[in-house]
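I wanted to look things up one by one and write down what I found.

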Amino acid sequence: MIEIDLLLRIAIAFLKDMNLDDFKKLVYETQFLLTDINNLETDKLPKDSTKQNNNRKELGNLKAEFNIVSPRYEAEILLGHILNMSRTELHINSKEEVSDFDKQRYFKLLAMRKNGIPLEYLTNRAYFYDIEFYVDKSVLIPRIETEILVEKVLEIINDYGITNFIEVGVGSGAISLSILKNTINTCAIATDISKEALNIARHNAQKIEVANRCDFIESDLLQSPYLIMKQPISLLISNPPYIANNYPLNQEVLCEPHIALFGGKNGDEILKKLILQAREKQIQILACEMGYDQKESMQETLYNAGYSANFYKDYAGFDRGFIATLT
């Protein structure tokens, strides 16, 4: 048994890259823990399968530096997940003892985190637009900058009285379900090429009680023959894969599904294809996220497809998306 306070100090030190000798000084009160700490050095994740390794070789050298920016925060989040406590409760109960079983579970999560597994995958929780979503390695982790896209879509829905929209590449459902949760008379069609992602989105739709207003369809963009629109859809939303294949990403991001990250050699190929398909279906308004360096290519593609576009920036001041209207 070990107290919460000591366990957190060990975890924070580990995530800060404290060396093993300093670890041993930190836990001298509990000699049996030395074995556990030694094990952390070899408690690595299983190696990627041959298929995954081949995929990574095809994508080039994508690794960039990975660092844990907030060790204390992450140590507390992971222990709170194990003990079903909030961060505040951990401090209030700092002298409470943790069982050996929970301690071992905690050390396992710490080792996985140190190896680059995103915190959200370890806890199966991601927060987006003040809503908690279930996530796992089947879906991208929703980013805060994508909330800008949701805000703009809510404005469009309000201004034009839109009652139906389609999202291509629904993933966890963060975008569509946030929109449905914050509107009353809207319904959605949500597509994804991944069956696993669709299952996650369905689960989240049920969890936040909007499942009766969303249809989920497996489709490569808008190509599925089963994608029969009950009535004309005037709004398409998408946060598609738009990263170039050879763009360097750190280990944490590389844990996310590559099919949802990489958009081709230049990164904009999928988005260009989607714009052309939307034009064929006469979809009037497009609200899409894009890469920070893709404004010029998107302007050209949208113009050639007959769309007039306004581009917007993210919180860091980078070009991040567009709202386009069919002229």
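These are my entries, beginning with the whole chain and ending with single residues.

**Ground rules**

I am working with a predicted model, where local features need pLDDT of at least 70 and side-chain atom pairs count only at pLDDT 80 or more, while totals for chains, interfaces and linings use all residues. Residues are numbered from 1 along each chain as its sequence is written, and side-chain values use heavy atoms, with hydrogens and water left out.

**Entry 1: the whole chain**

I looked up the elements first. The chain has 14 helices and 15 strands. Both are DSSP runs numbered from the N terminus: helices (H or I) have at least four residues, strands (E) at least two. Next I checked burial. Of the 327 residues in the chain, 52% are buried. Buried means under 20% relative accessible area, exposed means over 50%, and partly exposed lies in between (1.4 Å probe, protein chains only). Then I turned to contacts, which are heavy atoms within 4.5 Å. Among contacts with a separation of 6 or more, 67% join residues 24 or more positions apart.

**Entry 2: H5 and H7**

At what angle do H5 and H7 cross? I found roughly 140 degrees for H5 (residues 71–83) and H7 (residues 100–114), with axes that come within 10 Å. Axes here are lines fitted to C-alpha atoms, for helices over the stretch in contact, and angles run from 0 to 180 degrees between N-to-C directions. That angle makes H5 oblique to H7. The classes are: under 35 degrees roughly parallel, over 145 roughly antiparallel, 65 to 115 roughly perpendicular, and the rest oblique. The crossing of H5 past H7 is right-handed. Right-handed means the near helix is turned clockwise from the far one by less than a right angle; left-handed means anticlockwise.

I then listed who meets whom. H5 brings Glu74, Ala75, Leu78, Leu79, His81, Ile82 and Leu83, and H7 brings Asp102, Arg105, Tyr106, Leu109, Leu110 and Arg113. By class, the H5 and H7 contact has eight nonpolar, one polar and four charged residues. Nonpolar covers Ala, Val, Leu, Ile, Met, Phe, Trp, Tyr, Cys and Pro; charged covers Asp, Glu, Lys and Arg; the others, Gly among them, are polar.

Asn84 is in the loop between H5 and H6 (87–92). Is Asn84 buried or exposed? Asn84 has a relative accessible area of 66%, so I wrote down exposed. Its phi is near 55 degrees, a positive value in a residue other than glycine. Most residues other than glycine have a negative phi.

Met85 lies in the loop between H5 and H6 too. Met85 has 18% relative accessibility and therefore counts as buried. Beyond its neighbours within four places in sequence, Met85 is in contact with Ile4, Gly80, Leu90, Asn93 and Glu96.

**Entry 3: another positive phi**

Tyr129 is in the loop between E4 (126–128) and E5 (131–133). At 16% relative accessibility, Tyr129 is buried.

How many of the eight residues of H10 are buried? I found seven, so H10 is largely enclosed by the rest of the structure. They are Ala174, Ile175, Ser176, Leu177, Ser178, Ile179 and Leu180. I picked Ser176 and read 0% relative accessibility. Setting aside residues within four places in sequence, Ser176 is in contact with Phe165, Glu167 and Val170.

Ser172 sits in the loop between E6 (164–168) and H10 (174–181). It is buried, at 4% relative accessibility. Its side chain reaches the backbone nitrogen of Ala174 at 3.4 Å. Beyond four places in sequence, its contacts include Phe133, Tyr134, Leu177 and Asn204.

H13 (residues 269–280) and H14 (residues 295–304) pack at about 20 degrees, with axes 10 Å apart. H13 and H14 are therefore roughly parallel to each other. The contact uses Leu271, Lys272 and Ile275 of H13 with Ser297, Met298, Thr301 and Leu302 of H14.

Last, I looked up Phe311 in strand E14 (residues 307–313). Phe311 and Lys295 are 16 residues apart in sequence and 7.7 Å apart in space, C-alpha to C-alpha. Phe311 touches residues including Met298 and Leu302, not counting those up to four places away in sequence.

Conventions: A polar contact is a pair of N or O atoms within 3.5 Å; within protein, one must be able to donate a hydrogen and the other to accept it, and residues adjacent in sequence count only if both atoms are side-chain atoms.
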